[in-house]
Amino acid sequence: MKRRALVLSDEAARHPFRRSLPAHVRLAPLGQEVQQDNALAKLRWKMTGGDWQSFLQAYCASLVAMLVFIA
């Protein structure tokens with residue numbers, strides 16, 4: 001016989017811990033300050049053309065150095 005919990009849960013939560021939380025805890029809207037912080041962090045983490053160029057230069061330089069070391 002299958003054991004079932006006595007507390008109703010939300011199956012859409014997927015993870016067992018999130019499923020055990022009450023609906024009002026999971027669906028609470030974020031505050032204005034948190035939304036502003038998230039927007040600012042998103043802008044800071046966006047890579048520009050110069051960032052990609054520097055990354056590719058460093059990647060190619062290390063790849064060439066590794067190939068020269070192996071050969």
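A: We begin with a definition: a residue is buried under 20% relative accessible area, exposed over 50% and partly exposed in between, with a 1.4 Å probe and protein chains only. Of the 71 residues of this chain, 3% count as buried. The model is a predicted one, in which local features need pLDDT of at least 70 and side-chain atom pairs count only at pLDDT 80 or more, while totals for chains, interfaces and linings use all residues. Residues are numbered from 1 along each chain as its sequence is written, and side-chain values use heavy atoms, leaving out hydrogens and water.

Q: Where in the chain is confidence lowest, and where is it highest?
A: The predictor's confidence in each residue is its pLDDT, from 0 to 100, and helices are DSSP runs of H or I with at least four residues, numbered from the N terminus. Here helix H2 (residues 23-26) has the lowest confidence, at a mean of 76, and H4 the highest, at 94.

Q: How is a pair of aromatic rings described?
A: The description uses the distance of the centres and the angle of the planes. Rings of Phe, Tyr and Trp (its six-membered ring) pair if their centres lie within 6.5 Å, and planes under 30 degrees apart count as stacked, over 60 as edge-to-face and the rest as tilted. By this rule there are 2 aromatic pairs. Tryptophan 52 and phenylalanine 55 make an edge-to-face pair, 6.2 Å centre to centre with 85° between the planes, and both lie in helix H4, 3 residues apart. Phenylalanine 55 and tyrosine 59 are stacked, at 6.3 Å and 25°, so that Trp52, Phe55 and Tyr59 form one aromatic cluster.

Technical notes. Helix = DSSP H or I, 4+ residues; strand = E, 2+ residues; numbered from the N terminus.
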